[in-house]
Amino acid sequence: MEKIAAKSIISRAQSPAWFGVDYNMNIYRGCNHDCIYCDSRSACYGIERFDTVRAKRDALWLIDRELAAKQKKGVVATGSMSDPYNPYEKQEQLTRGALEILARRRFGVAIATKGTLIVRDIPLLQQIRAHAPVLCKLTITAADDALSQKVEPGAPPSCARFEALHALRQAGLYAGILLMPVLPFIEDNEENIGAIISLAAQTGANFIYPAFGMTLRQGQREYYYAQLDARFPGLRGRYVRQFGSQYECASPRAKTLWQFFKKQCDAAGIAYRMDEIVRQYRSGYHAEQTALL
């Protein structure tokens, strides 16, 4: 595990409306889940050797110092730029250490991950939930394991993520699915979306938050197209014709899928609107903690 220098780890969230978080925290840099669509590969982020996971030096000391200086408690998000439960976390335990600090400093947490190691930290998440909001988001974009392993070859298969989601819900934690990105011409069909909703209902998922499409920009686009050539031969040309050099690439079926998705989620009692998800997971906590800026 490489260590890299860092002056700061906790930053103010640019948009608290995004899952109601107040701060962001990225302990690791880079990711080895090798998802073919990852936006974090984009050149604008300047992450060299993206597939190499590196840990920030003195991460836990920095986190403790920065949280101690915060005048306002709040929800700290992790997982926006690198997965907090990458395979190295099993030995490094930096995410676990950060959760221990959040519990001691009485901050909440919102975790986004594809890693099933999150179940290891269920007792810590329950400890945090006793005084602050906890939100667990597992990214699942393909119901079929064979497809998930084609588009996310380094991540646990979808079935393992559904099992982790079930364990989180059984532990009484607020947990659900990030259904994003839904890759155009690959995952944007009723069969895939319907199966994910059905499996989510079986696990007791609280929510599914979707994005029927993806981003494509410099760095990310070139990598994605190369992966399409290798894994989905002939599909690159369809993307070029449909999207050109667009950054936001919505599925041509987005409107139809949204109507199908809403109907299925309503029938299953699964939340899917951002304001509803935020209200549910932050419900019952002190107004100072839950107020959105």
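Author: Contact here means heavy atoms within 4.5 Å. The model is a predicted one.

Reader: Fine. Leaving aside neighbours within four places in sequence, which residues is T141 in contact with?

Author: Once its neighbours within four places in sequence are set aside, T141 is in contact with Y37, V151, E152, L179, M180, P181, E187, N192 and I196.

Reader: And where in the chain is T141?

Author: T141 sits in the loop between β8 (134-139) and α5 (145-151).

Reader: Is T141 buried or exposed?

Author: T141 counts as buried, because its relative accessibility is 0% and buried means under 20%.

Reader: P181 is on that contact list. How far apart are T141 and P181, in sequence and in space?

Author: They are 40 residues apart in sequence, and their C-alpha atoms are 6.7 Å apart in space. P181 belongs to another loop, the one between β9 (175-179) and α7 (190-203).

Reader: What kind of peptide bond joins M180 and P181?

Author: A cis one, with omega at about -5 degrees. Most peptide bonds are trans.

Reader: Backbone angles, then. What is phi for F19?

Author: Phi of F19 is positive, about 60 degrees, and F19 is not a glycine. Most residues other than glycine have a negative phi. F19 is in the loop between β2 (10-12) and β3 (23-25), and with a relative accessible area of 0% F19 is buried.

Reader: What about phi of D34?

Author: D34 is not a glycine either, and its phi is positive, near 60 degrees. Its loop runs between β4 (28-29) and β5 (54-56). At a relative accessible area of 24%, D34 is partly exposed.

Reader: Which residues of α3 are buried?

Author: L94, T95, G97, A98, L99, I101, L102 and A103. R106 follows α3, and its phi is positive, near 65 degrees.

Reader: Now the whole chain. How many helices and strands?

Author: Twelve helices and twelve strands. Of the 293 residues, 54% count as buried.

Reader: What is the radius of gyration?

Author: It is 19 Å; a compact globule of 293 residues would be near 19 Å, so the chain agrees with that rule. Among contacts with a separation of 6 or more, 78% come from residues 24 or more positions apart.

Reader: How many charged side chains, positive and negative?

Author: 38 positive and 29 negative, with the centres of the two sets 4 Å apart.

Notes: Residues numbered from 1 in each chain as written. Predicted model: local features only at pLDDT ≥ 70, side-chain atom pairs only at ≥ 80, totals over all residues. Heavy atoms only, no water. Buried < 20%, exposed > 50% of the residue type's maximum accessible area, 1.4 Å probe, protein only. Helix = DSSP H or I, 4+ residues; strand = E, 2+ residues; numbered from the N terminus. Rg over C-alpha atoms; globule rule 2.2 N^0.38 Å. Lys, Arg positive; Asp, Glu negative; His and termini not counted. Charge placed at Lys NZ, Arg CZ, Asp CG, Glu CD.
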